[in-house]
Amino acid sequence: MRFFLIICSAACIASSLFAALKVDTVFSSNMVLQQQCPIAFFGTADKGSSVNVEFNGKTVSAKTDKDGNWRAEFPAMKAGKTNYTVRISDGKTKIELKDIVVGEVWFCSGQSNMGMRLGKTYRRGSTATNCVWEVAHADYPEIRYASQKRCSSPAAEADAKYEAASGWVKCSPKVAHNFSATAYFFGRELYKDLDIPIGLIASAVGGSAIQPWISLDGFKAANIRQDFKGMEIFFDGGASGQKHYLNKERMRYQEAMKKWQPLFEKAGENAKQQTRDWKNRDFDDSAWEKAVQEIIPSQYIVRWYRTKFKLRNKMKGKALNFHMDKGGEKIEIWLNGKSIAAWETYTPEEDKKVRLQITPDMLNQNGENVLAVRAVYLYGWVSGAMRDNVIFHSHFSLGKTKANFSHKWKTKDEFVCTHKETSGSRVPQFLRYKSLHTFPTNLYNGMVAAWTKLPVRGVIWYQGCANSGKEHYYPLHKALIADWRTKWSNPDMPFLIVQLAGYEPSRAKNWKTSDPNSPSGFAFTRDIQQQMLKIHNVGLACTIDIGEADNIHPGNKQDVGKRLALEAKRMVYGKNIVSRGPLFKSATPEKGAIRVHFENTGNGLKTSDGLAPGAFAVAGADKKFVWADAKIDGNTVVVSSPKVAVPKYVRYAYAGYRGDCNLQNSEGLPAYPFRSDAIDYSKIK
């Protein structure tokens, strides 16, 4: 029985000698290259070798540098429907990239509403409305899609990694269900109008704050230090400082865990005594529940899993490899009642996985085998300790043949407690830099940096829920836009934002009577997103009217994509269209009312339902707002309430959710939420 420990290091990338020719991972067959930009292919090869790249009838020869890097450049091209083959050779190895097209490429990023798939079947909150029909008709081979795998990296830039084994994929009913719904509908609108290939690079992580998406250079350029409290050496110390911080944090966690683990084990000692037989092969687990994918709650939990399996014929009598990734802070694994692997809570994170060789004598060759796992969860989803790490990320293999039993696991909890039951001692703070969702630079390094080597036309961005209600979001959002424009070497790169949709589950049934003086954090965040319009070449798609009060992932991604595409058509592609709904311009008190003036009224204002405008509130000098009556008067709206004799301030849809935000322009685009008493966020640090 032998362990095989696999540890990946970014330092490997910097090796000065490469045994074989490689092309950078941003390239694959079926991809789209950005039109009207110089085209470059690059990668690595043996130091001192010459690499020939053939593309579009031309051949460019490139020499590798001292680190084995090569780069071959070609002139810019216009978009077209010609499919190209790229042939790359160093005289020993040949690489072919097939079905390459030239068109418009957009980087699509953010959190879960950007990541939400089109989907095969409709599931509220998980897939797009009418997704079955949409997928069946998603036959657009000139729309190409690349989906970046979830990957965090606190200190080093990672290579691009694809969710699809083939890399870039062509849009068809067979694969479209895996596409980001927002990205797909945006790309489809552009394709229909421009009639050229569209490339969509999706890089999104549900629940992610904005901080992980900003590079360290971006934080420094904006002089934002607030997010680096307690880790100043990471901010100021360069590569050595970052390494020092990571090592110090690892040591802090391991030492703290060694002291805390005995307290936890003592608290659960009695429960553990009752589960001594759960590891045995003949234990009756018929009353256990079927294990399903879910996020582990925030309590301290000891959870067992058991699965039964038989060997495939081709595996019988052979030594097999057993693979399991992290499934908890502490793990114990038994095969047919015998212990085969384990780790402690304080085991180094890189060692919390199993690569084990199983000899034939450890397995029942013709009958049933039982795998039992005891997992300790202490941090919920923050540390990535999800139930699916056990039941979906373990298997036996022989070469390319796998025995995966993810659907056969059963589960039962041994012990659940809180810190109050462990002598009042809380679990030590988890490794901060391991947080995929909050640690600064993690997602930029892991999921953006590699793609900045590839020219794109612009960015569509759907994020903000994770930072809602925080003033600090203003400098961060501004820093992100400046940072990505710098990294892509394009100071004018279009940046199109989706403004947060309506959402406020606590008021889903009583939004009509909610207090207009207590807006949610979402309303506040929409203000900040709207102020990003002051930045050159920034667009904003309003979605206040298509939100769902009790669903943070509204299904109508069709209109989200359309509205983003309208902004792109006007700002980027020079279309003479109205791409935004009414945007607040000014408010003028008059005769017991207040008149609101707008930009982007098109051919006039109207309401989506033919009723009077809703969702307006007014206040006098005391700033005590009440919901008010409103009426359209030309390109303005007059707002009043008998409760406010002299209105001075006015707000529209300024809440987490309002079901009556029905104001729009003649083009049917919704009015942006606003408040005339808006804060100047530019002064916030």
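The model is predicted, so local features need pLDDT of at least 70 and side-chain atom pairs pLDDT 80 or more, while totals for chains, interfaces and linings use all residues. Residues are numbered from 1 along each chain as its sequence is written, and side-chain values use heavy atoms, without hydrogens and water.

The structure holds 48 aromatic pairs (rings of Phe, Tyr and Trp, the last by its six-membered ring, with centres within 6.5 Å; planes under 30 degrees apart are stacked, over 60 edge-to-face, the rest tilted). Trp106 and Phe186 form an edge-to-face pair, 5.2 Å centre to centre with 80° between the planes. Trp106 lies in strand β8 (residues 94–110) and Phe186 in helix α3 (residues 181–194), 80 residues apart; strands (E, at least two residues) and helices (H or I, at least four) are DSSP runs numbered from the N terminus. Trp106 is buried, at 0% relative accessible area, and Phe186 is buried at 0% too (buried: under 20%, 1.4 Å probe, protein chains only). Elsewhere, ring pairs join Phe27, Phe41, Phe42, Phe55, Phe74 and Tyr84 into a cluster.

A charge sits over a ring if NZ of Lys or CZ of Arg is within 6 Å of the ring centre and within 35 degrees of the ring normal.

| Charged end | Ring | Distance from ring centre |
|---|---|---|
| Lys220 | Phe235 | 5.8 Å |
| Arg651 | Phe625 | 4.0 Å |

Key. Buried means under 20% relative accessible area, exposed over 50%, partly exposed in between (1.4 Å probe, protein chains only).
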